Amino acid sequence: MARAGEEAASRPGGRPRDAALDEAIIQATRERLVRDGYSLMTIGDIASDAKVSRPTLYRRWSTKFELVVDALDYGFRKQRDMYAVDLSSMAPREALVEAVRRLDPAYFNPDAMVLMGNFAGEANRTPELLGILREHAVEPRVALVENVLTQLQESGAVRDGVDKHTIATMCFGSYFAAFYRGESRDDIPESVVSVLWPAIATASRKRE
């Protein structure tokens, strides 16, 4: 017997898709990506997890790759508001700490480190996935730190000429180092900025 949501999606006449059904499939896909990785996950498993039939899923996404791209975009859209820091009410050092905190891959999604590792493992088989991850999850994060450093330079808090790209890359890497060493990431923002700040702050701001 067909499920009610599936019946609504399959009836002729141009009726809109069932948004709740789409949401269930996307969430099931995201969970399978973490649990199995891209290569091992199957459309059958996703359909079973979402409690829909394969035809229902295939009416919406014709390939596993298309489904995964939409599942990733779902997460990226949820995170977009985090890629800006309002410095107006923060001391310069505090603003950098907040930017480094938002650099954490798991700031929004606690499974992000595992997901990134899965996609790194797919670099040879499905390099497009790593490219999507770089564009939408990595670059906006490191750009946030670079942008905050630029603003701090303009306000006179950070020295001109500091290598913002390298600083942002090192801060980003600190989260992966903590993950692989089995250490907590909670103290990373404060610890990293404590080391960086004396080297990049202008003389009048070093003690903030």
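I call a residue buried under 20% relative accessible area, exposed over 50%, and partly exposed in between (1.4 Å probe, protein chains only). The model is predicted: local features need pLDDT of at least 70, side-chain atom pairs count only at pLDDT 80 or more, and totals for chains, interfaces and linings use all residues. Residues are numbered from 1 along each chain as its sequence is written, and side-chain values use heavy atoms, with hydrogens and water left out.

**Fold.** I counted ten helices and zero strands in the protein chain. Helices (H or I, at least four residues) and strands (E, at least two) are DSSP runs, numbered from the N terminus. Of the 208 residues, 45% are buried.

I then followed Phe119. Contact here means heavy atoms within 4.5 Å. Beyond its neighbours within four places in sequence, Phe119 contacts Leu33, Val68, Leu72, Leu129, Leu130 and Leu133.

Which residues of helix 7 are buried? I found Ala112, Met113, Leu115, Met116 and Phe119. They lie on the same side of helix 7, because they cover an arc of only 160° around the axis. That arc is taken from the directions from the helix axis to the C-beta atoms. Their cover includes helix 2, helix 5, helix 8 and helix 9.

**Charge pairs.** A salt bridge is a side-chain nitrogen of Lys or Arg within 4 Å of a carboxyl oxygen of Asp or Glu. By this rule I get eleven.

I checked Asp22 with Arg60: the closest N and O atoms are 2.6 Å apart. Asp22 is in helix 2 and Arg60 in helix 4 (residues 54–60), so the pair ties together parts 38 residues apart in sequence. Both Asp22 and Arg60 are buried.

Arg101 pairs with Glu98 at 2.7 Å between the closest N and O atoms. They are three residues apart in helix 6, so about one helical turn separates them. Arg101 is partly exposed at 34% relative accessibility, whereas Glu98 is buried at 14%.

Asp104 and Arg185 bring their closest N and O atoms to 2.3 Å. Asp104 sits in the loop between helix 6 and helix 7, Arg185 in the loop between helix 9 and helix 10, 81 residues apart. Asp104 is buried at 6% relative accessibility; Arg185 is partly exposed at 35%.
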